[in-house]
Amino acid sequence: MSADHASRIFIVDDHPLVRDALAQLLAGAGFEVSGGATDVREALAHPALAACRLAIIDLSLGAESGLDLIRRLRILGIAVLVYSMHKESNVIRRALEAGASGYVTKSETASSLLDAVRALLAGARYLSPRVEAALRESSSIESLSGQQRQIYRLLGQGFSNEEIAGRLAISVRTLESYCVRIMDKLGAQGARELRRQAIRDAAHDIADEAPPA
């Protein structure tokens, strides 16, 4: 790849307005956008793709998932930055496992996206602050024991302490002791915050059951 092509960027997103906005943002920051596409097939067939060093892609590409595109781009030697509305840890991990070198959510600032572009063009990885927070939170949940994780899931499903204790055949006091240890591991400030966090994570788990679409 020649020096002229070293910083060329390709954008894959099924919303033309998003592609245009990204192209303007990148051009304003001094980067060259050499092309864009709506889906996987169009991206791989685009003549400008081979001359690019970095591709910024969404994971939701109509009926297709961007995960396969990440793998194909890595085979071509093109670095991949995911720019997606998905901020669930399970989705993020799948994108990184597929070969993405960076991940920024669409709810973050333009400066975060530009920082990511600079990092990947320099050969580094970049995870935005919200992405890092999601992965840290997921790691904390993985530290829970089997019984603690079961209690956490039941809290997220809206069961009361009495209902959970009954389901697990333990006393409410024992359940409360478990909850204190769960709060310590997750950094939750009190039972109400723990329950809110459990409900939020339960909603994310439901969204994660289907691939990005």
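This is a predicted model: local features need pLDDT of at least 70, side-chain atom pairs count only at pLDDT 80 or more; totals for chains, interfaces and linings use all residues.

Me: At what angle do α1 and α5 pack?

Reply: Helices are DSSP runs (H or I, at least four residues) numbered from the N terminus. Axes are lines fitted to C-alpha atoms over the stretch in contact, and angles run from 0 to 180 degrees between N-to-C directions. Here α1 (residues 16–28) and α5 (residues 110–121) pack at about 65°, with axes 11 Å apart. The two are therefore roughly perpendicular to each other; that class spans 65 to 115 degrees, with under 35 roughly parallel, over 145 roughly antiparallel and the rest oblique.

Me: Which residues make that contact?

Reply: Contact means heavy atoms within 4.5 Å. Leu22, Leu25 and Leu26 of α1 meet Ala110, Leu113, Leu114 and Val117 of α5. By class, this contact has 7 nonpolar, no polar and no charged residues. Ala, Val, Leu, Ile, Met, Phe, Trp, Tyr, Cys and Pro count as nonpolar, Asp, Glu, Lys and Arg as charged, and the others, Gly among them, as polar.

Me: How do α7 and α8 pack?

Reply: Helix α7 (residues 146–156) and helix α8 (residues 161–168) pack at about 140°, with their axes 10 Å apart. That makes α7 oblique to α8. Gln147, Gln150, Ile151, Leu154 and Leu155 in α7 meet Asn161, Ile164, Arg167 and Leu168 in α8. The residues of this contact divide into 5 nonpolar, 3 polar and 1 charged.

Me: At what angle do α8 and α9 cross?

Reply: The axes of α8 and α9 (residues 172–186) come within 9 Å and cross at roughly 105°. That makes α8 roughly perpendicular to α9. In α8, Asn161, Glu162, Ile164 and Ala165 meet Val172, Leu175 and Glu176 in α9.

Me: How many cavities are there, and what lines the largest?

Reply: Rolling a probe the size of a water molecule over the atoms shows where empty space is left. On a 1 Å grid over the protein atoms alone, a cavity is a set of points where a 1.4 Å probe fits but cannot get out, and lining residues have an atom within 4 Å of a point. Points are joined across faces, edges and corners, and a volume is the space filled by probe spheres set on them. The search finds 1 cavity of 30 Å³ or more. The largest cavity has a volume of about 30 Å³ and is lined by Val12, Asp13, Leu22, Ile56, Ile57, Asp58 and Tyr83.

Terms used
Residues are numbered from 1 along each chain as its sequence is written. Side-chain values use heavy atoms; hydrogens and water are left out. On a 1 Å grid over the protein atoms alone, a cavity is a set of points where a 1.4 Å probe fits but cannot get out, and a pocket is an open set with protein on both sides within 12 Å along at least five of seven lines; lining residues have an atom within 4 Å of a point.
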